[in-house]
Amino acid sequence: IAGLYFFDIGTETKKLQNFREVVARYINNSPSWEKQQIPESYYKVKDDLEKLFNKKEKQQGTEHISKTKFLGIARKHKVDDPEDLLIDLHFLGISLWYNDMEKYDTLVLNPEWISEGVYKIINWVHNENRHDITLECFAEVFKEDRKRFPKSKDEFLFDLIKHYELAYETAHGKQLIIPHLLKEDQPVRLPEFHLATSLKMKYEANRILPPNTISRFIVRLNEQIKRENDHFLIWKYGVILQDSKGSEAMVREVDRSINI
């Protein structure tokens, strides 16, 4: 779809309708969509999952199930390729299944269960004036909502925070560092980078950078964060990196740009 679309879905209904029409035309004219056939059994499984999730009177809907239960629903409707269906449902946002976290045996029917759980964790860290959290702290985070977020799902949520690049795990494990919650002031002592002998690059955006741009960068390259004595050279808007050959780089977010 050519172009960018900006609108408020709550007030700019005409722009929203125009966007829907553009998407519909794109789908209708796409050869890949024209050739795709969706078995009726897929819709039946989708309906069963939605019935599990939908709240009944005075009863909380099911927010996540095991893969075994999903496979039972798929067998009931004679789905030939349940693994493919899992992937399709994930990309459509109907249910969320993470192949790299299969050991947790958790198919999420309500995406808000993830977002609310993750933000409970991050908000707790923020309120504690910290930038790190251990797995043991989850008992305190969810102490008033253990029915919805049981202890059996703590490690699943722990790994989801890493999956979405909101934090990275320390070398000794079971502790997360959330770069976005680090102090804004950079460390007092930083390596000197002489302009005459250093390569300098700057990436500048026309608009304000998306939230957590530098934080996600730090998460991805956390194993290369330079350490001096007991301190890592990292702050909310920047980091000092060092590779295996000893080369160093300072990466900072300044206004609408990333400076290296």
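Biologist: At what angle do helix α4 and helix α5 pack, and how far apart are their axes?

Modeller: The model is predicted, so local features need pLDDT of at least 70 and side-chain atom pairs pLDDT 80 or more, while totals for chains, interfaces and linings use all residues. Residues are numbered from 1 along each chain as its sequence is written, and side-chain values use heavy atoms, without hydrogens and water.

Helix α4 (residues 67-76) and helix α5 (residues 82-92) pack at about 110°, and their axes are 10 Å apart. Helices are DSSP runs of H or I with at least four residues, strands are E runs of at least two, and both are numbered from the N terminus. Axes are lines fitted to C-alpha atoms, for helices over the stretch in contact, and angles run from 0 to 180 degrees between N-to-C directions. The two helices are therefore roughly perpendicular (65 to 115 degrees; under 35 is roughly parallel, over 145 roughly antiparallel, the rest oblique). On the α4 side the contact (heavy atoms within 4.5 Å) is made by K67, F70, L71 and A74, and on the α5 side by P82, E83, L85, L86 and L89.

Now the rings. The whole structure holds 10 aromatic pairs, where rings of Phe, Tyr and Trp (its six-membered ring) pair if their centres lie within 6.5 Å, and planes under 30 degrees apart count as stacked, over 60 as edge-to-face and the rest as tilted. W113 and F149 are stacked, because their ring centres are 5.4 Å apart and their planes are at 20°. W113 belongs to helix α6 (residues 111-127) and F149 to the loop between α7 (138-141) and α8 (154-163), so this pair ties together parts 36 residues apart in sequence. W113 is buried at 0% relative accessible area, and F149 is buried at 0% relative accessibility (buried is under 20% relative accessible area, exposed over 50%, partly exposed in between, with a 1.4 Å probe and protein chains only).

The pair F138 and F158 is tilted, because the centres are 6.2 Å apart and the planes at 45°. This pair links helix α7, which holds F138, to helix α8, which holds F158, 20 residues apart. Both F138 and F158 are buried.
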